[in-house]
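Hi everyone, thanks for making time this morning. I'd like to walk you through one structure, so let me put it on the screen.

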Amino acid sequence: MRLQDKVILITGGASGIGLASVERCLAEGARVAMADLAGSAGAEKAAELDKQYAGRCIFTAVDVTSTEQVNQMVTDVVAKFGRLDGVFNNAGIGGINPADSYPDEDFLRIIDVNLNGVFRVARAALKPMYAQGSGSIVNCASILGVFGQSGTAAYTAAKGGVVNLTRTLALEGAAKGVRVNAIGPGYIDTPLLSLLDDATKQFLIGLHPLGRLGRPEEVANAALFLMSDEASFITGANLMVDGGFTAG
Ligand code: NAD
């Protein structure tokens with residue numbers, strides 16, 4: 001079991017990549033807190049998984065745009081499981097608008113969830129991790145953290161921020177036993193892609209040398225690896241999980 005006895009927190013855990021990660025981490029022996037918006041399908045799914053995995057899964061309601069809720073989430077997870085070994089900072093939203101007419105509210109919301117949310121969760125998690133002298137944080141960036149794409153000014157700004165935030169967190173955490181890495185998924189077949197029409201999806205598939213969309217569990221496997229001790233000498237990295245998208 002690659003995560004035996006580890007306590008893992010996964011934000012955005014109710015859907016897509018997050019849900020696949022919850023399931024993979026449970027299968028590898030972790031105790032897992034699935035964190036997502038109150039009212040998401042997460043509570044019900046976590047209860048099912050908790051039965052299947054003998055009391056190793058909880059749901060914790062959080063909106064990552066609230067510092068208070070994020071701090072409370074980390075406090076609750078540590079109170080429940082006694083420690084915090086891994087965090088997959090995965091909650092995120094999309095949005096498409098041309099830059100010259102991007103509404104303030106939409107732009108700021110995407111930055112608040114996708115960048116500020118990652119920072120809030122990492123800041124809260126660093127406290128128990130520094131106290132125990134170990135931990136691994138994985139921040140979900142994107143191919144759009146290193147590439148631009150028309151219509152995605154807010155998303156690309158946020159994801160680019162996540163990549164470089166990760167490097168600084170890695171430098172600060174290194175002396176305290178905490179590793180921090182990012183992952184950069186290509187286009188992955190999740191509900192997030194409902195923003196795109198079929199012609200756009202076909203076009204985007206063509207940009208992946210492997211010739212298809214990624215599957216949520218393929219990203220989950222990368223997050224799992226980085227949170228496991230197998231990645232003990234990896235920090236500050238941005239691991240692309242993109243079917244070769246950024247190779248060319
Ligand atoms: P998804 O829509 O299936 O899941 C996202 C989850 O985040 C949802 O369960 C949602 O409720 C939750 N969430 C949204 N706002 C939140 C908030 N304020 N607080 C807490 N939870 C919140 O999407 P996904 O495709 O699984 O995306 C997961 C991550 O992967 C995101 O960070 C996304 O940007 C990134 N990503 C996805 C793709 C892709 O092609 N699907 C590509 C690159 C990166």
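This is a predicted model: local features need pLDDT of at least 70, side-chain atom pairs count only at pLDDT 80 or more; totals for chains, interfaces and linings use all residues.

Helix α1, residues 16-27, supplies the largest share of the shell around the ligand, with 3 residues. There are 28 residues around the ligand, and those that come nearest are Gly12, Gly16, Gly92, Thr190 and Leu192.

What is the strand order? It runs β3-β2-β1-β4-β5-β6-β7, an open sheet of 7 strands with parallel pairing. On average, neighbouring strands are turned by 20° against each other, direction ignored.

Strand β2, residues 31-36, runs parallel to β3 and is joined to it by 5 bridges. Met34 has Phe59 in β3 as its bridge partner. Helix α2, residues 42-52, packs on the sheet here, touching β2 and β3, and its direction makes about 165° with that of β3.

Last, a helix pair. The axes of α4 (residues 104-132) and α5 (residues 153-174) come within 9 Å and cross at roughly 15°. That angle makes α4 roughly parallel to α5, and the crossing is right-handed. The residues of this contact divide into 15 nonpolar, 3 polar and 2 charged. Among them are Phe107, Ile110 and Leu126 in α4, and Tyr155, Val162 and Leu169 in α5.

Thanks, and I'm happy to take questions!

How values were computed. Residues are numbered from 1 along each chain as its sequence is written. A residue is near a molecule or strand if its C-beta atom, placed from the backbone, lies within 6 Å of it. Helices (H or I, at least four residues) and strands (E, at least two) are DSSP runs, numbered from the N terminus. Axes are lines fitted to C-alpha atoms, for helices over the stretch in contact, and angles run from 0 to 180 degrees between N-to-C directions. Angles under 35 degrees count as roughly parallel, over 145 as roughly antiparallel, 65 to 115 as roughly perpendicular and the rest as oblique. A crossing is left-handed if the near helix is turned anticlockwise from the far one by less than a right angle, and right-handed if clockwise. Two residues are in contact if their C-beta atoms, placed from the backbone, lie within 7 Å. Ala, Val, Leu, Ile, Met, Phe, Trp, Tyr, Cys and Pro count as nonpolar, Asp, Glu, Lys and Arg as charged, and the others, Gly among them, as polar. Two strands pair if DSSP finds at least two bridges between them.
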